[in-house]
Amino acid sequence: MSVNETFAFAKKEYERLGIDVDKAIEKLKSVSISVHCWQGDDIGGFEVNKSDLSGGIEVTGNYPGKARTPEELRADLEKALSFIPGKHRVNLHAIYAETDGEVVDRDQLKPEHFEKWVQWAKKHNLGLDFNPTLFSHEKAEDGLTLSHPNAEIRQFWIDHCKACRKIGEYFGRELGTPCLTNIWIPDGYKDTPSDRLTPRKRLKEALDEIFAEKIDEAYHLDAVESKLFGIGSEAYVVGSHEFYLSYALKNNKLCLLDTGHYHPTEMVSNKISSLLLYSDRLALHVSRPVRWDSDHVVTFDDELREIALEIVRNDALEQVMIGLDFFDASINRVAAWTIGTRNMLKALLYALLTPNEHLRELQEKGDYTKRLALMEELKTYPFGAIWDYYCEQMNVPIKESWLTEVDEYEAQVLLKR
Ligand SMILES: C[C@H](O)[C@H](O)[C@@H](O)C(=O)CO
Ligand SMILES: [Mn+2]
């Protein structure tokens with residue numbers, strides 16, 4: 001059967017549940033996912049004086065062909081995006097600045113250092129998001145940055161974050177879509193602290209200074225990302241979930257929830273509706289923790305579907321800024337982007353094809369039998385036929401056919417690096 005024939009059959013199945021399939025597809029077309037550049041080069045960046053990866057995050061694997069230059073990284077991103085339906089965004093880090101061989105320290109970064117990224121984004125109709133990089137630097141060697149007891153080091157990182165907000169604003173003004181600039185810091189202690197409050201006071205003061213300059217939200221939004229622990233900060237992280245949730249609510253910033261940054265049984269899907277009650281917007285780093293914050297490639301698993309269902313059933317596609325955050329160096333990196341981003345979009349389509357109103361009514365009248373039965377039966381509805389049709393409509397390869405092109409790209413480009 002052709003894609004259209006299987007689609008026609010599947011569409012009738014969903015219409016029987018009262019789903020407007022065409023409307024669901026149109027809605028999905030409007031969703032932009034922020035694709036993280038750092039999967040393409042194992043969070044290396046392009047600084048003249050590069051430091052080793054630090055900050056308590058790990059990239060494992062040594063699959064050949066990672067991008068070594070901005071041009072290679074942009075080419076790999078273009079290749080991956082050619083397999084991903086829809087119009088999306090690319091999420092950059094400050095270490096991806098292009099300074100033409102000049103040594104520019106992070107507190108001195110300027111919009112001009114990202115001009116090539118903006119020209120590229122314009123050419124490919126992409127939005128850009130941004131992150132200050134408060135790791136992989138000599139001034140972050142002891143694992144402390146914005147909360148550091150040394151005022152000079154703290155000021156360096158405050159100035160770096162201030163510079164990054166201006167770069168984010170530049171992205172927003174140039175591209176006509178607000179840039180989300182997300183601050184994550186590695187600050188914490190390996191072992192039991194003797195004082196949890198003082199570092200958090202310093203972080204709060206640092207953030208207050210960083211955000212003192214108001215930037216038009218038409219061009220720029222601020223997010224703060226919490227964490228539970230890192231390698232070397234197992235006992236205590238200054239920027240905990242409670243800290244940033246409170247800070248974001250009190251200062252009207254976006255709280256960014258990374259799905260790898262909570263206890264293994266603590267689900268981000270369970271948090272979204274609570275935040276939506278108190279904040280206009282929130283942000284996500286969708287990742288897949290295996291045993292710890294391992295940043296595995298996102299798969300089409302229960303939690304991904306549940307996150308998508310929470311966003312869709314609460315009509316929050318405009319309020320939740322969906323970013324991805326995984327870095328697997330054990331597989332082809334173009335394939336990693338493709339798998340993870342297509343899965344995020346699949347999960348959103350799955351949620352858009354779910355009779356959410358009917359399920360809500362079943363819950364409200366206490367019919368938990370039908371609620372469970374229907375949610376389970378939906379898992380074997382012909383969702384894949386709708387996804388294939390969507391991919392074909394969006395001129396991207398259907399099913400695993402994109403792998404052929406990835407193999408060719410690997411042979412002709414990646415393995416020659
Ligand atoms: C590279 C990112 O800033 C990083 O992954 C951060 O978002 C994070 O999740 C750290 O664990
Ligand atoms: Mn993250």
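User: Which residue stands opposite Leu-254 in β8?
Analyst: Ala-223 does. This is a predicted model, where local features need pLDDT of at least 70 and side-chain atom pairs count only at pLDDT 80 or more, while totals for chains, interfaces and linings use all residues. Residues are numbered from 1 along each chain as its sequence is written, with chains lettered from A and ligands numbered from 1 in the order in which they are written.

User: And which way do β6 and β8 run?
Analyst: Parallel: 3 bridges join β6 (residues 220–225) to β8. Strands are DSSP runs of E, at least two residues, numbered from the N terminus, and two strands pair if DSSP finds at least two bridges between them.

User: What about β8 and β9, how many bridges there?
Analyst: β9 (residues 282–286) pairs with β8 over 3 bridges, in the parallel sense. His-285 in β9 is the bridge partner of Asp-258.

User: Which ones point which way?
Analyst: Leu-254, Leu-256 and Asp-258 point one way, Cys-255 and Leu-257 the other. In a regular strand the side chains alternate between the two faces of the sheet.

User: Switching to ligand 1, which residues surround it?
Analyst: Among them are Asp-258, His-285, Trp-38, Trp-184, Glu-225 and Lys-227. Counting as near takes a C-beta atom, placed from the backbone, within 6 Å of the molecule.

Note on methods. A residue is buried if 20 or more other C-beta atoms lie within 10 Å of its own, exposed if 12 or fewer, and partly exposed in between; C-beta atoms are placed from the backbone. Helices (H or I, at least four residues) and strands (E, at least two) are DSSP runs, numbered from the N terminus.
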